[in-house]
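Hello,

Here is the structure for you to open. My notes follow below it.

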Amino acid sequence: MTSLPNLPIEGIPSGRPSGETRWQSLLGADRSDRIYRRVLTGIALALPALILVLFGVLFVESLPALKRFGPSFLVTSTWDPVAEVYGAAPMIFGTLASSFLALLIAVPLALSVAIFLTEFAPRWLRQPVAFLVELLAAIPSVVYGTWGIFVLIPFLRTYVVPPLKAVLGWTPFFNGVFYGNSLLAGGIILAIMIVPYIAAVSREVLLAVPTSQREAALAMGATRWEAVRSAVLPYGRAGLIGAIILGLGRALGETMAVTMVIGNRHDIGISVFQPAYTMAAAIANEFSEATTDMYLSALFEVGLILFVVTVVVNAVARILIWRVAKDAAVGSKAL
Amino acid sequence: MNRTTFLALAALLGAAVPGGATAQTQLNGAGATFPNIIYQNWMLAYNQTHPDVKLNYQSIGSGGGIRQFSDGTVDFGGTDAPMTDSAIAAIGGNVLHIPTVLGAVVAAYNLEGVAQPVRLTSDVLADIFLGKVTKWNDARIASINSGVTLPNQDIIVVHRSDGSGTSFVWTDYLSKVSPEWSQKVGKGPSVNWPVGLGGRGNEGVAATVRQTPGAIGYVELGYALINKMPFATLRNQSGNFVVASLESVTAAAAGAMKDMGATTDFRVSITNSAGAQAYPAASFTWLLIHKTYDDSAKARALVQFVWWAENDGQAKAPELGYAPLPKELRPWIQTRLKSITAGGRAVWKGPATE
C-alpha cells in the first residue's frame, strides 16, 4: 500500500540526525530484526523464483513438440492424437474468445452492482447484497458446470437463442445451428463466475473515492448519476481496470465449468453458437490419457502458451493501469 | 531343505505367529477408471479373508496406469486399452495382460416420442460418427427401423473430450467396421473426431445427450443401465440385432476365443466379435502384471489375489454392472499366472498349492 507516514512516533525519543525519520532509523537496529528481514526477503523472492521454475519446466517438457511443429503449432487446427499431429490454434482462439465474451457480459453487470451498492442502494441493503454477490465466488466451478448443462443451456435454447437469431442471425456471430454446448454457454458461465471478483474489487475502489469528489460534483449542480459518471468513476478508473483484469485472469484459467458447457471441439468458429475449446480444458481433459511422449509434450506446450498468454495479458493490463494512473487515482498504488 | 518344505514351514510360522508380527504385504496399483468399482470391491473383500495382504488401486486412467506401471511406481496396472508393441518393448517385454472383467459401450440417444429401441447397423453408425448421416429420418436408418417413426431432426454426435478407454473401444469398433473410419480417424483413447460435441467423462456425455434433442453419444453400458438411458440395438457380424447386456457381452468374449487361441497374450480386441449373440462394442479390461518381480512374497500375494478375482471375484461382477469373463478363459489365465517368476523361480504353482 502507501509508504509509512513520515511522522514522529510518540514515546520514542528522538536522537537521530534529521532527514532520516525515526521509524526508518529503527530498521536493522536489532539483530533479530535483521534476521526477520532476511527471512521475509527470502520468502518474497521464492515466489518469483517459483514462476521461473514453472516456466522452465513447461519449456523443457514442450521441447519435443516445439522442435517438431515449430510455429505451425500456433496456427494450425488439427489435433489428431492418432496421427500425432498437433495444432493449438482453436484452443488459443477459444480461450481468448470465451474470456472476451465473459468480460463483455460481466463488466457492465459487475460495475452496475458496484455502483449501485456504493452510490444508490439504501444503507440496509448494501451489506446483504454485497455478501450475496461475493458468495457467488465461493461456489465450486463443477457446480457451475452442472448448472450450466441442466439449467443454463436449456434456458438459452428456449428463450435466448431464438430471439437472438431472429434479430442478429444475419451477422456471422449469431449464425448456424445452436447445439447447446457452445462458446456462448461457456462465455456466460465464465461471466457469472467472474462477476463477484470484479464487483467486489470495484466496490472497494469506489468506496475509497473521497466523499469530497461527490460533494464537489453535486455542488456544481450534477445529478447523482452525473456525479458518479464525471467524478467518481474517472477518479477510480485505474482501480476499476485492475478489477477487470483480475476477472480476466480468472476467466483465462478457468477449466472445469467451461469444459462442461463449451462443447470441447477443436474448431475455430466465429459464431458464438458453435462449440469451442479452451487451453485449460484441453490440458485437464487429455493429460491423464496422453500415452505417447509427443502427445504429452504437445499438452505441455499448450500449458506454456497459456502461461505466456496470461503473463502478456497481465503485463498489458499493468501498462494500461500505469498510463491511466498518472493522476494518482484511487487504488492505483495497490494494483 | 527343498523349496516346498521351506514354504510349508514358512506358512506354518506365519500362521503360528499372531496378528501383528506377520509382515503385511502392500500391493499398489493404478490405472483405468472403468473397472475401479469392482476392483475396490474385490480388494476390500479380499482383505477381509486375507488380512495380511493390503491392496490399493487408484483410478487415474489407463494412460496414467501404463505410465506408472512402466516406471515401476506401482506393482500392477490397470488398462482398458492394451499396451502397444513399442510400449511393451520399452520395458523389455516384462508385462502380462490379464483380463479381469468385460465392459461394453453403447450408443445412447435422445429422441422424444420414440419408445422402441432404435436399430443401427455398423456402417450406418460409422457414417453417423463420420458426419455423413445427419438426419434421424435418413433413408438408411428408416430402412432398418420399419414401424418406427423417426423425426426429421439433426443428429448431434456427442463424444468423450477426455482421453478414455471407452473411446478406445468405440473407435476400435468403428475402425473394424468402416474402412473410411479406419483411414480417416483411426482408434485411440482420444482421436480427431470428424463431428460432434465433446463431453467430459461418461457423466458429461450422458448429460449432454440428455439435454440435447437429437443427440447420440457413446457411454459405458453399466452407466447407461443405471441411468436408464435408451440406447441403440446394434447389428453384429453375424447379422443379428443384439441388445447390449451382460450376457451378450460375455458372449462377445466367448465368440472371440476361437481367434485368440490358448497361447494368446490376451491383447486382443473383441469388438465386432463373431458370436451369434455377441454384442459388437465390447472389450476386456486388463490388469498389467510383470513377468518377473524382485520380491517373491509380493509377487505371490498379487498372483493369488488375481486368481481369486478370476474365480470367486467373478460372481460379484453382474451386480456391479460388469460382465464376467467366460469360464473357458480361466485355464488360459492360470497358465499365464503360473509363468510369473521372482528371482528366477515361479511364485505360484496353481490353485492346488494354496
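**What turned up**

The C-alpha centres of domain 1 and domain 2 of chain B lie 29 Å apart. Keep in mind that this is a predicted model.

Chain B first. Domain 1 of chain B covers 25–102 + 284–346. Domain 2 of chain B covers 104–259. The two domains touch: 18 residues of domain 1 of chain B are in contact with 17 residues of domain 2 of chain B. On the domain 1 side, 11 of the touching residues are nonpolar, 5 are polar and 2 are charged.

Chain B also has an open sheet of 3 strands. The strand order is β5-β9-β10 (chain B), and the pairing is mixed. β5 (119–120) and β10 (241–242) of chain B are the edge strands, each pairing on one side only. Strand β9 (residues 233–235) of chain B runs antiparallel to β10(B), and 2 bridges join them. Across that pair, Leu234(B) stands opposite Val242(B) in β10(B).

Now the contact between chains. 25 residues of chain A are in contact with 27 residues of chain B. Four elements of chain A each supply at least two residues of the side that touches chain B: β1 (79–80), α6 (141–168), α11 (256–261) and α12 (279–286). Which element gives the most to that side of chain A? It is α6(A), with 4 residues. By type, the side of chain A that touches chain B divides into 12 nonpolar, 9 polar and 4 charged residues.

Best wishes

Methods. Residues numbered from 1 in each chain as written. Chains lettered and ligands numbered in written order. Predicted model: local features only at pLDDT ≥ 70, side-chain atom pairs only at ≥ 80, totals over all residues. Contact = placed C-beta atoms within 7 Å. Nonpolar A, V, L, I, M, F, W, Y, C, P; charged D, E, K, R; others polar. Domains from an automatic or database assignment. Pairing = 2+ DSSP bridges.
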